[in-house]
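Take a look at it, then work through the points below.

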Amino acid sequence: MAFAVRAVLARETGRPARPAGRGGLLNDDDPTAVHVDQFLAHPPRKVWRALTEPELLERWLRMPNDIKPVVGHRFQLLADPVPAAGFAGGAVACEVLAVEPERLLRISWGPEWTVTWRLEPEGRGTRLFLSHEGFDPDDEFQRMSRRIMGGGWRTGVPKALARVLDEMTD
C-alpha cells in the first residue's frame with residue numbers, strides 16, 4: 001500500500017499541516033508519535049464495530065486479523081511488505097492493552113509501538129482520535145516507519161474507514 005507523507009511535505013515546504021478538528025494531523029512536533037483527529041459521520045457504536053470486529057477491521061486496515069476487544073487478548077495483523085521501509089511483511093504480534101467499549105481501544109503494535117483509538121460522540125457522528133506512539137527518533141528505521149505510517153494514518157486509512165462505515169448496515 002502506498003502512503004502519502006503529508007507531515008514530511010509540511011516540514012519541507014514550510015506550510016502548516018491541517019489543523020486539529022478538520023481531520024488529519026493534530027501535531028507533528030512529537031517525533032515519537034503520530035496523532036490524528038478525524039470526524040466520522042457515524043455513531044460511536046458503529047465506529048467501535050469497525051475497530052473491533054475482525055472482518056470489518058480487515059476491510060479498512062487491509063490486514064487480516066483475529067482481534068477481540070478483551071484486555072490481554074493477543075492477536076496478529078497480517079501485513080503486506082513495505083519495501084520502502086525495509087519491512088518484509090508478515091505477522092505483526094499485537095495485544096489488547098485497554099478497552100472501554102465505544103470509547104477507547106489501545107493495542108500494542110509489535111514490540112515497539114502502541115496504537116490508541118479514542119472515540120467521542122460529536123453531533124450525529126464521532127470524533128476519532130488516533131495516537132500511534134513509541135517511535136525512536138534516533139533510529140533511522142523508526143523515523144522512516146513514522147513517516148510512512150503517519151502518511152497512511154492521515155490519508156488512506158481514514159478514507160478507507162469512512163468507506164467501510166458507509167457500507168455497513170447498523
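To compare two helices, we use axes, which are lines fitted to C-alpha atoms, for helices over the stretch in contact, with angles running from 0 to 180 degrees between N-to-C directions. Helices (H or I, at least four residues) and strands (E, at least two) are DSSP runs, numbered from the N terminus. Keep in mind that this is a predicted model, where local features need pLDDT of at least 70 and side-chain atom pairs count only at pLDDT 80 or more, while totals for chains, interfaces and linings use all residues. Residues are numbered from 1 along each chain as its sequence is written, and side-chain values use heavy atoms, with hydrogens and water left out.

**Where helices cross**

- The axes of helix α3 (residues 54–61) and helix α5 (residues 156–167) come within 8 Å and cross at roughly 135 degrees.
- That angle makes α3 oblique to α5 (under 35 degrees counts as roughly parallel, over 145 as roughly antiparallel, 65 to 115 as roughly perpendicular and the rest as oblique).
- In contact terms (heavy atoms within 4.5 Å), α3 brings Leu56, Arg59 and Trp60, while α5 brings Val157, Ala160, Leu161, Arg163, Val164 and Glu167.
- Sorted by class, the residues where α3 meets α5 are 6 nonpolar, no polar and 3 charged (Ala, Val, Leu, Ile, Met, Phe, Trp, Tyr, Cys and Pro count as nonpolar, Asp, Glu, Lys and Arg as charged, and the others, Gly among them, as polar).
- Helix α2 (residues 44–52) also pairs with α3: their axes come within 5 Å and cross at roughly 85 degrees.
- This makes α2 roughly perpendicular to α3.
- On the α2 side you'll find Arg49, Ala50, Leu51 and Thr52, which meet Pro54, Leu56, Leu57 and Trp60 in α3.
- The contact of α2 with α3 has 6 nonpolar residues, 1 polar and 1 charged.

**The largest pocket**

- Some terms first: on a 1 Å grid over the protein atoms alone, a cavity is a set of points where a 1.4 Å probe fits but cannot get out, and a pocket is an open set with protein on both sides within 12 Å along at least five of seven lines; lining residues have an atom within 4 Å of a point.
- Grid points are joined across faces, edges and corners, and a volume is the space filled by probe spheres set on the points.
- The largest pocket holds about 530 Å³ of space.
- Its lining has 25 residues, and Met63, Ala79, Val82, Trp109 and Met149 lie nearest the centre.
- α4 gives the largest share of that lining, 6 residues.
- The pocket's lining splits into 19 nonpolar, 3 polar and 3 charged residues.

**The cavities**

- Searching the whole structure turns up 2 cavities of 30 Å³ or more.
- The largest cavity has about 100 Å³ of space.
- Among the residues lining the largest cavity are Trp60, Trp117, Val157 and Leu161.
- Its lining is made of 10 nonpolar residues, 1 polar and no charged ones.
- The second largest cavity comes in at about 30 Å³, and its lining is Leu57, Leu61, Ile67, Phe75, Leu77, Ile107 and Trp117.

**A look at Glu95**

- Glu95 sits in strand β3.
- Leaving aside neighbours within four places in sequence, Glu95 is in contact with residues including His73, Arg74 and Arg106.
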